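Biologist: Let us go through this model together. I will ask what backs each term.

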Amino acid sequence: MNILILGSGGREYSIGLAISKEYEEHNITFCPGNGATDKIGSNINIKDYKELASWAKNNNIGLTIVGPEQPLVDGVVDIFKQEGLTIFGPSAKAAQLEGSKVYMKNILKKYNIPTAAFIETASKEEAYNFIDSMSKTPIVVKADGLCAGKGVIIALSKEEAKEAVSGMLSGESFGDAGAKVVVEEYLDGYELSIFAVCDGDNYVVLPAAQDHKRVGDGDTGPNTGGMGAYAPTPLVNDDIYKKVEDRVIKPTLEGMKKEGAPFEGVLFIGVMVVDNEPIILEYNVRFGDPECEILMPLLETPVSELFYKGATKQLDTLDIKIKKQFGVAVVMASGNYPYGSSAPAEIIVDDIHDEVLKENSHISYAGVTKDGDTLLATGGRVLLCVGFGDDIQTARDRAYALCGQVHFAGKKCRTDIAYQALK
Ligand SMILES: Nc1ncnc2c1ncn2[C@@H]1O[C@H](COP(=O)(O)OP(=O)(O)O)[C@@H](O)[C@H]1O
Ligand SMILES: [Mg+2]
């Protein structure tokens, strides 16, 4: 089949890599892809979605997979479907679950899905009154719209919470994305990423993962796009999975149908587990990055089949198979990440002579550009070293062994990925 993958990160690379390893041969095109995806398939760069849909038709694309949130919120799925193309992802309307935190919180409330107590408002006065009425700090303030992972402030005092509200509502902090805010109670627990692949009616749950958002070891320093992940995490159990299915996934799919926006695509459920109860922090409408980089290789079911059935309402006929292994992904980032950009640096990967390491690890390329035969680190998150094993420690050792084989000026990574599982 001819498959088109939208996006340019490690997430899209990992989807392509998994598809390229299936026994059936596929032709993969990335739009726009990165400096390494052209080894898996080919790269094209068409920015206009209508033009891209015509290209897809003319090139007999049988399945399109959308990686990032922006094209989904912009309606790429609707445009492709109008052209009769098969595309896996939510409509613009359903993508509001991620595009607007106000919309998402109102859906959670309407369908009785457990989430932090909140107010959503465009009025500074209303937000301030709510903050004054709160009995505990920290207080969480969220900009409504897409902010590339920077729109959430955990305020340690009421004054700080009010400052955050004021900065958002004035447009100073996040422009239009802050025209409305969510103010909510702080949840104290541990975080999980749970993914449900949905076709509007049916769903398949993938093994729960844990991301590491902060730049520094021990979860210190500013938030990033994610510095590493592992799965399956032992911090989840059947009881939590069941509660998430019954209290979260099922009512969300039912609710979205009632809203006239059936949810097709990947539902990323950001969960905070508080006293064994899963409370929903947020939804995303696509795979998390770096979680995708470990989930794709852990699937025994062909990735193309999972997404194709998701796109054609056939998930009820899929018997999902997951490898009985653990995966750990360590992000190697540029020196100035996440504060600013860094000078391009040549990437050198040593030959790996250890057969066991070779077979149980790989690199997922993200922020890289090709300059002739040279691969350059040009993005914040440059690449991920991914290791697999029969337990988390082994998988992690392999991921870090691979990190030792990768060189570029300024490279940095966290040294404690998966620490919560190994405590
Ligand atoms: N109510 C909350 N209580 C505690 N921590 C929170 C809360 N809401 C968000 N966070 C923290 O902030 C991070 C970002 O918030 P999230 O709602 O996921 O927004 P986004 O991913 O769009 O930035 C979460 O991953 C979590 O660590
Ligand atoms: Mg989040």
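Modeller: Start after helix H9, where Gly 260 has a positive phi, near 75°. This is a predicted model, so local features need pLDDT of at least 70 and side-chain atom pairs count only at pLDDT 80 or more, while totals for chains, interfaces and linings use all residues. Residues are numbered from 1 along each chain as its sequence is written, and chains are lettered from A and ligands numbered from 1 in the order in which they are written.

Biologist: What makes H9 a helix, and how does its reach compare with the span expected?

Modeller: Helices are DSSP runs of H or I with at least four residues, strands are E runs of at least two, and both are numbered from the N terminus. H9 covers residues 238-258, which is 21 residues. The expected span is 1.5 Å times one less than the number of residues.

Biologist: Where is the kink in H9 centred?

Modeller: On Glu 245, with a kink of about 35°. The bend at a residue is the angle between axes fitted to the seven residues ending there and the seven starting there.

Biologist: Which residues of H9 are called buried, and what do they pack against?

Modeller: Val 244, Val 248, Ile 249, Thr 252, Leu 253 and Met 256. Buried needs 20 or more other C-beta atoms within 10 Å of a residue's own; 12 or fewer is exposed, in between is partly exposed, and C-beta atoms are placed from the backbone. Those buried residues pack against strands E10 (190-199), E11 (203-205), E16 (264-274) and E17 (277-284).

Biologist: What makes Ala 399 buried or exposed?

Modeller: Ala 399 has 28 other C-beta atoms within 10 Å. The cut-off for buried is 20 or more, so Ala 399 is buried. Ala 399 sits in helix H13 (residues 392-403).

Biologist: Which residues does Ala 399 contact, neighbours within four places in sequence aside?

Modeller: Val 328, Ala 329, Val 330, Ser 361, Cys 385, Val 386 and Gly 387. Contact means C-beta atoms, placed from the backbone, within 7 Å.

Biologist: Why is strand E7 called largely enclosed?

Modeller: Because four of the five residues of E7 (residues 139-143) are buried.

Biologist: How do you know that E7 pairs with strand E8?

Modeller: Two strands pair if DSSP finds at least two bridges between them. E7 and E8 (residues 152-155) have four bridges, in the antiparallel sense, so they pair. Ile 139 stands opposite Ala 155 in E8. E7 also runs antiparallel to E9 (residues 181-185), over five bridges. There, Val 140 has Glu 184 as its bridge partner.

Biologist: Why are strands E19 and E22 called edges?

Modeller: They belong to an open sheet of three strands, E19-E23-E22, with antiparallel pairing. E19 (345-346) and E22 (368-371) each have a single partner strand, so one side of each has no neighbour in the sheet. E22 pairs with E23 (residues 374-377) over four bridges, antiparallel. Val 368 stands opposite Ala 377 in E23.

Biologist: Where do the domain boundaries fall?

Modeller: Domain 1 is 2-89, domain 2 is 123-179, domain 3 is 190-317 and domain 4 is 326-422. The bounds come from an automatic or database domain assignment. The C-alpha centres of domain 1 and domain 3 lie 21 Å apart. Their contact takes 21 residues from domain 1 and 21 residues from domain 3.

Note on methods: Contact = placed C-beta atoms within 7 Å.
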